[in-house]
Every structure is written in structure tokens, then in C-alpha cells.
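Please walk through this structure with me, beginning at a single strand and widening the view from there to its sheet, its neighbours and the chain as a whole.

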Amino acid sequence: MSWRPEIDELKRRRELAREMGGPDKVERQHHFGKLTVRERIDAMIDAGSFHEIGEIAGRAEYTEDGELKSFKPSNFVFGTAEIDGRPAIVSGDDFTVRGGSADASIPAKRTRSEGLALEMKLPHVRLVDGMGGGGSVKTIEMAGRTYIPELRSWEVVVRHLAVAPSVSLALGSVAGIGAARVCTAHYSVIVRDTAQMMIAGPALVEWAGGGVVPKEELGHARIHTANGAIDDAVDSEAEAFARARRFLSYLPTNVDQLPPRLPESERDDDPQRRDPDLVDFVPRDPKRTYRMRELLGRIVDRDSFFEIGRDWGKSIITGLARLDGWPIAIFAEDVNVYGGGWDADSCRKLSRLIDLASTFHLPLLHLEDCPGFLIGRESEHTATIRFGSQVLAALGQCTTPFCCVVIRKAFGVAGGANHKPGSHHFRYAWPSGDWGSLPIEGGIEVAYKAELAEAEDYDAHLDRIRERLNRVRSPFRSAEYFEIEEIIDPRDTRPILCRWANLVAESVPVGRQAFTYRP
């Protein structure tokens, strides 16, 4: 007796599983400019590294004699793989089978993918397309009952945030629990013209009295990258996969490791490189601006800056970069947006970056040009001080080395982010540094109101006060009192920061933090 019949049956079932929803549904997926789940997995990972788990799980029908009559595979595919030579869990929804809904789902597969990522401490890349396992009205008839919603196994998804990197890609029309799976990640990406994300689709919105709203108006990329629900938008699935791989390259496999330094053969930017243009980079006129992103690019390793969340919270630039091959988290004010003032959205964005740095042991660098919190009616109505206080709390709780270079302004409470509370760390300033509790220009007429009221020539006397104050606002006066530790030649910024990166890179204790990363 041989087991060949069973082996042949296994081969047959695997072939059926690989047909997914059938040729017509696959063609429809391609018609709308989208890859199938298996094509996506192949594009995301190192060639030939995917080992599928639960390949032959699905819904089967049998003849009276017990012979397999038909088979519809589960609409969720997952397994282990390698991404740039490192192990990971990769999972994806198969939209060709019932649009990714619960009608064709086997929940245990999704639960197992999340559980393996958690217990094996592996990165998890989710390729989300559809309901993401959520139910539909048809589920009621199939089950013969309604069900009360429970977030079974959701605690596994949340616990994984404190253990290993997670990336979610919105690659189609994503709704319900699928949308929550996109947002519950360290980094999320949406494809602009072929994907949308929404709490509920157009039919349910119309039923609830929200009117007829196309899915593009509910969940287009421009909506959710502007409000921060999704980090970034790209133009193609290929670009989404590339951004996921690049994001992971800055992070360790899990929290028990340090972020990986680039091999020496790939470090092609001299850590001692001095940029002669930086000496004149910041205008002397405080009303003139400059390009902070260009400055970032000149200081960190060439082409290493990876911006996160460019389309929201725009007054603060956040992202990852490298210094002499070492990964870091970096943020800086964009002086072309609100003068660099912190608003509610930019504070929310920055809090997430700081928590990411703490979770995965990334040294944190701040290039500061901060006039303080954005002021005015809108800031009060959006609770800017609440979210700003959260940023300052996150900075104080941050467990990784911190460094700040004051490029120009550091004013008010937000300007205090040049220092991490309770920490001894490196801090530098360019000669263009200008700081205080509030800008002199905005406070003279209030502070000297009585004196100006008695002056014969108001404007002339105001100019004399301004000149008097300007004589003592030099950063060199602060350096005399050790209120700023070092004033540096701007051209030396990269060598100084590369030295800092090498000093602190291995000084961070690994392991889980006392608090869990919150998406």
C-alpha cells in the first residue's frame, strides 16, 4: 500500500487553492489595476522565500460518496518569508473570493498569522484588500443567527505593536475591521487611485442618512493622508511594496535587537563630510525662510531620509534616516508652514514618531526652528495644548538617546523640545540660534507699554528698545552661562552628528518598553 493517492489529492487541492476566485475574478482584479494576493506576496518578499501556512483551507463540497466536488479557498493567505534577507510574516486578503469578507473567511487563519508574528517576534506585513474578515448581511443567513460584535484576538494585534514592526498596506477598497487593521500598525500606506479606506461603504452610509456618497469621497488617499489615518500615499502597488521594505530596513526584527547598521560596503557617504553651503543656509533676516528638507538631506547620510506623514501635520517634518549607517528617528520644523509652529495635527504626528523611536531603540534627533505652539482661535478649538502636552510627555518618556541642533528659533513651551526632560544629552546651536520665552518682536510693546506711552516719539523709542534688547539676545551670551552647551560652525554639523550616532548607537538597552506603542 502506498500514500501516493493522498499525495496526489494534496497536489490537486493545492492547485485548486492557487486558482483563487477563478479566472473571471482574477481577470476582474487585473482589470481594476490590482494584483492578486499571491502576486502581491511575490512582489513584496525575497524571491522564492515564501512558505505558505494553511494553503488548502477553504470551503469544500462533497458527493454522496465523499469525493471532492468543488473547493473555494479561504480568502486569506499567509506564511513566513524573508524581506531583504530577514524573516517576517506576510499576510494578505484575497479579494477575488467574496471580496475578502467573512462569508469565505476562516478566522483562525488570520488569528494564527497575528499570533505567530507575536510569539516568534517577527515583523508582520499586512496586504489589506476588502472587509479584512468582517461580516456582511449574508453572513446572518449562512450562520442562522445574528452575532454580537467582539474583537476576538484583537489583543494579539495590539500586543504585537510592542514586540516587532508591523506594516499595513491598503491595496483596495478597505472597510470595517479591514480599515482598523490598516491603522493598527507602525506604518501604513495606501495606493492613490485603486484603493480607498472607510469605516463603512457607500450603501451603509446612504442607509444611515448620509446621502449618496461615492467611495472615493469617503476614503480616497487624499482624505486619509491629510487627516493622519494613513501615513503615506503612493501611485502604485509596486511603490507601496518598496516603501514597506524601506521602512523595515531602519528597524530591528524585534525589540530584543538593536536597529541594524548598514554594512560598511554600503556606507558611501563620508561621516566627516563638511558642507560649505551651510554657513549661509539660514538667512539673517528672520522673516525669510529656507528649505528644511534640503537641510536634512545635506546632514544625514546621502539619500537616507525616509519621510513619514508628509501630507498631514505639515509644520513638523518626521521620518527616519541614517548617520554613518546607523538608523535614527528625526524631526524638524518646516518654517514654510505656520513658520514652524506646532499645531494639533503636527503634535499628534510627532508623538507617534517618538513612540516608534522608543519602541525600536532609535536615537532621536531634533533639528529645531520652533517659534512655539501655533496661536489663535483655530489652535484653541483643536486643543493644540492638549496634543502638545502629549508630545512633551512622550519626549520625557522616550528611552533612547536624544540630540538637538537649534538651527534658528526656540521659543515658548514647544520650543523647549530642544531638551529631553530628566536627561543629560548632547545639544548644539548654530550661530543663527534665537530663543526665549517668546520672540522679542512679539513682546516688546506689551512689556514696555508704560515706557512707550511716555515717549515723545513712539516709533523711535521702540527702535531704541529693540536695539538694546538685540545686543543681549546673541547665543554667545547664553553659551557664557552654559545655557547652551555648544555653538558650532554649521559646516561641522554632519561630522558632529555622525560622532554622536556612533557614541550612542549601542548604549540603548534592548527589550520591551514600560508602555505599549499606541497606533
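**A strand and its surroundings**

In strand β7, the side chains of S166, S168 and A170 point one way while those of V167 and L169 point the other way, and all of these residues are buried. The model is a predicted one, and the pattern within this strand can be read against a general rule: in a regular strand the side chains alternate between the two faces of the sheet. Because five of the five residues of β7 are buried, this strand is largely enclosed by the rest of the structure.

What lies to either side of β7 can be followed through its bridges. Strand β6, covering residues 124-128, runs parallel to β7, residues 166-170, and is joined to it by five bridges; within this pairing, L127 has L169 of β7 as its bridge partner. Strand β9, residues 187-191, also runs parallel to β7 and is connected to it by four bridges, with A170 standing opposite I190 of β9.

These strands belong to an open sheet of seven strands with mixed pairing, in the order β1-β4-β5-β6-β7-β9-β11. The edges of the sheet are formed by β1 (51-53) and β11 (232-234), each of which pairs on one side only. On average, and with direction ignored, neighbouring strands of this sheet are turned by 25 degrees against each other. Helix α4, made up of residues 107-119, packs on the sheet and touches β1, β4 (76-83), β5 (86-93) and β6, and its direction makes about 25 degrees with that of β4.

Leaving out residues up to four places away in sequence, S113 touches F76, F78, I89, S91 and H124.

Strand β16, residues 402-411, is joined by four bridges to strand β17, residues 426-429, and the two run parallel; here C403 stands opposite F426 of β17. Strand β17 is in turn connected by two bridges to β19, residues 486-487, again in parallel, and the bridge partner of Y428 in β19 is E486.

Apart from its neighbours within four places in sequence, G339 is in contact with D334, D369 and P371. The C-alpha atoms of G339 and K409 are separated by 9.9 Å, although these residues are 70 positions apart along the chain.

Seen as a whole, the chain contains 21 helices and 19 strands, and its C-alpha trace spans about 105 × 60 × 40 Å along the principal axes. Of its 519 residues, 50% count as buried, while among the contacts with a separation of 6 or more, 72% are made by residues 24 or more positions apart. The chain exposes about 25200 Å², of which carbon and sulfur atoms supply 52%. As for charge, there are 67 positive and 78 negative charges, and their mean positions are 2 Å apart.

Technical notes
Residues are numbered from 1 along each chain as its sequence is written. This is a predicted model: local features need pLDDT of at least 70, side-chain atom pairs count only at pLDDT 80 or more; totals for chains, interfaces and linings use all residues. Side-chain values use heavy atoms; hydrogens and water are left out. Buried means under 20% relative accessible area, exposed over 50%, partly exposed in between (1.4 Å probe, protein chains only). Contact means heavy atoms within 4.5 Å. Accessible areas come from the Shrake-Rupley method with a 1.4 Å probe; for residues, only the protein chains shown count as cover. Lys and Arg count as positive and Asp and Glu as negative; His and the chain ends are not counted. The place of a charge is taken as NZ of Lys, CZ of Arg, CG of Asp or CD of Glu. Two strands pair if DSSP finds at least two bridges between them. Axes are lines fitted to C-alpha atoms, for helices over the stretch in contact, and angles run from 0 to 180 degrees between N-to-C directions.
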